[in-house]
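Have a look at the chain first, then read on for the pocket and the overall fold.

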Amino acid sequence: MTHAAHAFVDVDELLDAIKELSVAGRWDRAARLLTSVTVEEPADHARLTRAAAEVALDRDWFAGTDTAAERIDAAEKEFPDGDWDTDFLRLRHTYSRLLLVDGALRIGPDGKDPEALATLLDRARELHAGAPDEVRRGWAAMYRGLITENHFADRTAAATHFTDALRAGEDGADGLLAREALRHLGGQDHDTGDHERAGERWRRATALGARAGTVPGTLSQQLLLAVLARDAGDEAGAVALAAEIVRWAEAIGADRLAGQASAFLTGTDPTALPAATDTD
């Protein structure tokens, strides 16, 4: 006969470990760890439920799965009086869902419900205004920029939000937030033909992502560096890098990212407008 072993761990430490696993693309491991935990305090159970929703949302973004909606619903029930972090998960999920029109990614407002887009942007403004700290205010600014750029096609206004997010990420030592902001500011540089500035920002974003432990995020940044190599006429280098991205992305189950890198190998530009592909 075997007996289950029990161990006591600090909930904050556990949640940090789950977050790091999810950021690294170890979504199955993070989910298994969550289901293995038993807590007594309702507040701790609520936090674990919210963490499960975040893991599912991260997986959906990179792997192209559809697992987060039910878990976000469950998290919202755990916080009947509202919770900023859960509300932000809902915003992220709605943002990504509205990017698809008839099953295909679409940048800009065409074919999208104007009322749904306006509601989404209003909610981002509310979360920005009500953020409990500077870093979370920066994340809300980041999504104000993403919504403004990718749903309303207002790149000038989006750049202001991305700059605010970058400042918050740097001031708050949040490498993931700074990486995200640099990624999109660099994208705007690239689209206006300033490949040197784009390269500076994208290389810095790649390093920040690696330091923060985001394996799929670092791979998505490497794909942008492959774009720069192709722009510079180094097709062999671009292809070699993209081929490795495909290999790594498939190995960790980041199927959406693997598909984007495979498309790059056949000549597709992942930064092309208006059908831009954003891997986060």
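A word on residue classes first: Ala, Val, Leu, Ile, Met, Phe, Trp, Tyr, Cys and Pro count as nonpolar, Asp, Glu, Lys and Arg as charged, and the others, Gly among them, as polar. Keep in mind that this is a predicted model. With those classes, the lining of the largest pocket splits into 17 nonpolar, 4 polar and 16 charged residues.

**The largest pocket**
- Its volume comes out at about 1,100 Å³.
- The lining of the largest pocket takes in 37 residues, and those nearest the centre are Lys19, Val23, Glu54, Arg92 and Leu176.
- Six stretches each put at least two residues into that lining: helix H1 (11-23), helix H3 (42-63), helix H5 (84-98), helix H7 (134-150), helix H9 (175-191) and helix H11 (215-231).

**Fold and dimensions**
- You'll find 13 helices and 2 strands in the chain.
- The radius of gyration is 19 Å, which agrees with the value near 19 Å that a compact globule of 280 residues would have.
- Along the principal axes, the C-alpha atoms fill a box of roughly 65 × 45 × 40 Å.

**Packing and surface**
- Of the 280 residues in the chain, 48% are buried.
- Take the contacts between residues at least 6 apart in sequence: 61% of them join residues at least 24 apart.

Conventions:
Residues numbered from 1 in each chain as written. Predicted model: local features only at pLDDT ≥ 70, side-chain atom pairs only at ≥ 80, totals over all residues. Heavy atoms only, no water. 1 Å grid on protein atoms, 1.4 Å probe; cavity = no way out; pocket = protein on both sides within 12 Å on 5 of 7 lines; lining within 4 Å. Points joined across faces, edges and corners; volume = space filled by probe spheres on them. Helix = DSSP H or I, 4+ residues; strand = E, 2+ residues; numbered from the N terminus. Rg over C-alpha atoms; globule rule 2.2 N^0.38 Å. Buried < 20%, exposed > 50% of the residue type's maximum accessible area, 1.4 Å probe, protein only. Contact = heavy atoms within 4.5 Å.
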